[in-house]
Amino acid sequence: MPNEKSQPSKPEPNASASPAKKPARDRVRLVGMQFYGYHGATPQERQIGQRFEVDVEMAVDAEQIVDGDLSTTVDYRIIYEICRRCCAELQYRLIETMAREIAHEILRAHDLPGVRVTVRKPCVPLGGVISVGAEATVERGEI
């Protein structure tokens, strides 16, 4: 039988090294929030106003959440208030800008890895029934 050389063994992983943080796969969503605002590219939209719908999806680490402790998760009241303020009190020409600003405000208020915001105009005055939307996805570090 030929003489087999043994393969060098692989070094064992360093047990003291901290494991890489895995990306959050859990999501918290606020869907279908509705606000009246004065946004749009045309003067008529900004003068008359219209209804806007907002959805927010946030990446969270559910394993870190303690039941009953709002400091360990997303407080829906704060998210809702950010969306309400951006839609009802501020004014944007483009819903793309509004969606991105809402996302940035949410990341400033909560320590989240990322957020996705969708803003829709459900009754765009284009001569027919149409809903237009814009989505902004912002990761931590982009603000």
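This is a predicted model: local features need pLDDT of at least 70, side-chain atom pairs count only at pLDDT 80 or more; totals for chains, interfaces and linings use all residues.
Visitor: Which elements does the protein hold, and in what order do they run?
Guide: The protein has 3 helices and 4 strands, where helices (H or I, at least four residues) and strands (E, at least two) are DSSP runs numbered from the N terminus. From the N terminus on, the order is β-α-β-α-α-β-β.

Visitor: What makes the 4 strands an open sheet, and which strands stand at its edges?
Guide: Two strands pair if DSSP finds at least two bridges between them; 10 bridges join S1 (residues 26-37) to S2, 6 join S2 to S3, and 8 join S3 to S4. The 4 strands therefore form an open sheet in the order S1-S2-S3-S4, with antiparallel pairing. S1 and S4 (132-139) stand at the edges with a single partner strand each, so one side of each is left without a neighbour in the sheet. The twist averages 15° from one strand to the next.

Visitor: Where does H2 pack, and what angle does its direction make with that of S1?
Guide: H2 packs on the sheet and touches S1 and S2, its direction making about 35° with that of S1; contact here means heavy atoms within 4.5 Å, and the axes are lines fitted to C-alpha atoms, for helices over the stretch in contact, with angles running from 0 to 180 degrees between N-to-C directions.

Visitor: Why is Glu-53 called buried, whereas Arg-51 is called partly exposed?
Guide: Buried means under 20% relative accessible area, exposed over 50%, and partly exposed in between (1.4 Å probe, protein chains only). Glu-53 has 15% relative accessibility and therefore counts as buried, whereas Arg-51, at 31%, is partly exposed. Their side chains meet in a salt bridge (2.9 Å, N to O), and Glu-53 in S2 stands opposite Gln-34.

Visitor: What makes the pair of Glu-57 and Arg-116 a salt bridge?
Guide: A salt bridge is a side-chain nitrogen of Lys or Arg within 4 Å of a carboxyl oxygen of Asp or Glu, and the closest N and O atoms of Glu-57 and Arg-116 are 3.4 Å apart, so the pair qualifies. The pair links distant parts of the chain, Glu-57 in S2 (residues 50-60) and Arg-116 in S3 (residues 114-121), 59 residues apart. Arg-116 is also the bridge partner of Glu-57 in S3. Glu-57 is buried, with a relative accessible area of 17%, while Arg-116 is partly exposed at 33%.

Visitor: Which residues are linked with Glu-57 and Arg-116 in a network of salt bridges?
Guide: The network also takes in Arg-27, Arg-29 and Glu-135. The structure holds 14 salt bridges, among them that of Arg-85 and Glu-105 (3.4 Å, N to O), which links helix H2 (residues 76-89) to helix H3 (residues 95-109).

Visitor: Why is S2 described as largely enclosed?
Guide: Of the 11 residues of S2, 10 are buried, so S2 is largely enclosed by the rest of the structure. For the protein, 36% of the 143 residues count as buried.

Key:
Residues are numbered from 1 along each chain as its sequence is written. Side-chain values use heavy atoms; hydrogens and water are left out.
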